[in-house]
Amino acid sequence: MIRFEKVSKIYPPNCRALNNINLEIKDREFVSIAGRSGAGKSTLIKLLIREDSPTAGRIFYNKQDINEIPKREIPFWRRKTGMVFQDFRLLPDKNAYENIAFAMEVGGRDDADIAKNIPQLLRIVNLSDRAEHFPNQLSGGEKQRVAIARALAHRPEILIADEPTGNLDLLNAWEIVRLLIKINELGTTVILSTHNREIINGLDKRVVTLEKGRIIKDDEKGKYILF
Amino acid sequence: MLTSIYRVIKSGWISFWRNKWLSSAAISMMALAILGLSGLVLTNVLINSLSQNLEDKIDISVYFKLSAEENEILDLRNSLIKLPEVKNIEYVSTDEALEKFKEKHQNNDVLMQSLQELDSNPLEASLNIKAQQASQYETIAGFFNQSDYDDIIDKINYLENKAVISRLTAITAGIRRIGFIILSVLALLAVLVSFNTVRLTIYSARKEIRVMKLVGASNWFVRGPFIIEGALYGIIAALISLLILYPLVWYISPKLTGYLPGTDLFYFYQSNFIVLFLLQILAGVALGTASSLVAIRRYLSED
């Protein structure tokens, strides 16, 4: 479903963030990308959502070369992928409900559809009683759950989580990970990038380990191998 | 499409309300800019009426010999009026000149008595010629040099007033030019300041703009609310500057009339009120939306 073919990314003048990456992610798979800070995890994700372009190589989604998507259609590609970030990136001026609604509005969904779907999404992330709260009135774990609900708003085929637990304590982190597993079981491909050893070791799922821009290990049921 | 437009307007309105402080900063800057621009218009009216006043004081008077026939003078007047430079010509016959003289000096017994001693009217008929513009008197005076009326013309006072007239011409032209330059610089300053304030409000939202793009918003969906916000700034700023300008003009106008008789700024303001207000709103909306459009470009151009 997603295929990286000999992908390299060089930031000028000569910082090799990614070096000849070959990677295939299947439909409905749960893949963890492990690696230290600076190993290239975020770069990999940026290339996937077309926030940046590779210096060499190609990235395919089914038969579509992501880098050849015309600029005008990038928003449509982004709506196929849900993104969750370490720093949540909620819109501070919108409450939880509106943050989720915004993602649906940009997709052109009608108001009745939105009003019907958001309570469901809030229930999935267990935040039904927080709909009217603004981001600064929510805890870190709650913010991340709003962000996940927002990422699911487009009913994406792929959910990409870039260090979603980086700002959370272990208890909240596990709650987020369990949520991601649940979403994966409901049929969405999940890509989770993290440097959290406990989470990787507790998942018992496929782990791709990056170091210095290269894939050094790719196991079906992987463990955290870096120290 | 309609839902999108409705959503863009609604979200612009909401973010306008939720960012009250930033909004009020932008609005006050923009109100100042609009005030400056309106001041520009009004000052221009003043400068025009000032130079109009000065120019109205200039004319050429042609005095005719007592022997000149009235129809000859009217003949000359008809050919003068055909000149494009001539604005109007006032004919003062010998009788009218006498009337005016009597009226002017009715309290001066010596003059009145000596007038009565004379058998005939000693005053000459004259044509008072006004040009469209002060710089054209030279041309009109030139007309008399080539004309065949030398034998009926006694004297042309232009030649006597020439220095004064050309001096006044230079002054009015100078006032116009300097006024225009000063006001343009002020207007430019006001526009730049309010543009920068709008840019600041968008800068403070740069992270949100990025997030919007990441959840799949198209450029217009991101840009729209900011443009609506900018337009709202403009409309409110126009209203505020109206609230300041109206009493200000009402207060200042009589004082100005003291210095410049014949100019009534408040009257001008009232009679052009709707046009001016529409201009203010137009300026505000144009300033707000254009600033937003330009300022947001760099945050959208990344992809």
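**Close-up views of a predicted two-chain model**

**View 1. Surroundings of M30(B) in the predicted model.** Setting aside residues up to four places away in sequence, M30(B) touches S194(B), Y233(B), G234(B), A237(B), G284(B), L287(B) and G288(B). The model shown here and in the following views is predicted. M30(B) belongs to the largest nonpolar core, which has 106 residues. It is listed there among the residues with the most contacts inside the core, together with I34(B) of chain B and I100(A), A149(A), I160(A) and I191(A) of chain A. Helix 9 (residues 219-259) of chain B provides the largest share of this core, twelve residues. Another core, of 16 residues, lies apart from it and includes L127(B), A131(B), I156(B) and Y158(B).

View 2. An unreviewed UniProt entry lists residues 21-47, 178-202, 231-253 and 273-296 of chain B under "transmembrane region". In the model, residues 231-253 of chain B are 100% helix and 0% strand, with the end C-alpha atoms 31 Å apart. Residues 273-296 of chain B are likewise 100% helix and 0% strand, and the end C-alpha atoms of that span lie 34 Å apart.

**View 3. The loop position D264(B).** D264(B) sits in the loop between helix 9 and helix 10 (265-271) of chain B. Is D264(B) buried or partly exposed? It counts as partly exposed, because 16 C-beta neighbours lie inside 10 Å, whereas a buried residue would need 20 or more. Leaving aside neighbours within four places in sequence, D264(B) is in contact with S253(B) and T257(B). D264(B) and S253(B) are eleven residues apart along the chain, and their C-alpha atoms are separated by 6.3 Å.

**View 4. The contact between chain A and chain B.** On the chain B side, 14 residues are in contact with 19 residues of chain A. Helix 1 (2-18) and helix 8 (206-214) of chain B each supply at least two residues of that side. Helix 1 of chain B gives the most, with five residues. By type, the residues of the chain B side divide into five nonpolar, five polar and four charged.

**View 5. The four-stranded sheet of chain A.** Chain A has seven helices and ten strands. Four of the strands form an open antiparallel sheet in the order 2-1-4-5. Strand 2 (15-25) and strand 5 (64-65) of chain A stand at the edges with a single partner strand each, so one side of each has no neighbour in the sheet. Strand 1 (residues 2-11) of chain A is joined to strand 2 of chain A by seven bridges, and V7(A) has I21(A) in strand 2 as its bridge partner. Helix 1 (residues 41-48) of chain A packs on the sheet and touches strand 1, strand 2 and strand 4 (56-61) of chain A. The direction of this helix makes about 65° with that of strand 2 of chain A.

**View 6. The six-stranded sheet of chain A.** Six strands of chain A form an open sheet with mixed pairing, in the order 6-7-8-3-9-10. Strand 6 (81-85) and strand 10 (214-219) of chain A are the edge strands, and each pairs on one side only. Neighbouring strands are turned by 15° against each other on average, direction ignored. Strand 7 (residues 158-162) and strand 8 (residues 189-194) of chain A pair in the parallel sense over five bridges. A161(A) stands opposite L192(A) in strand 8 of chain A. Helix 6 (residues 170-185) of chain A packs on the sheet, touching strand 3 (30-34), strand 7 and strand 8 of chain A. Its direction makes about 155° with that of strand 8 of chain A.

Note on methods: Residues numbered from 1 in each chain as written. Chains lettered and ligands numbered in written order. Predicted model: local features only at pLDDT ≥ 70, side-chain atom pairs only at ≥ 80, totals over all residues. Pairing = 2+ DSSP bridges. Contact = placed C-beta atoms within 7 Å. Axes fitted to C-alpha atoms, helices over the stretch in contact; angles between N-to-C directions. Nonpolar A, V, L, I, M, F, W, Y, C, P; charged D, E, K, R; others polar. UniProt positions renumbered as here; feature names shortened; annotations may be inferred. Core = buried A, V, L, I, M, F, W, Y, C linked by C-beta atoms within 7 Å. Buried ≥ 20, exposed ≤ 12 C-beta atoms within 10 Å, placed from the backbone.
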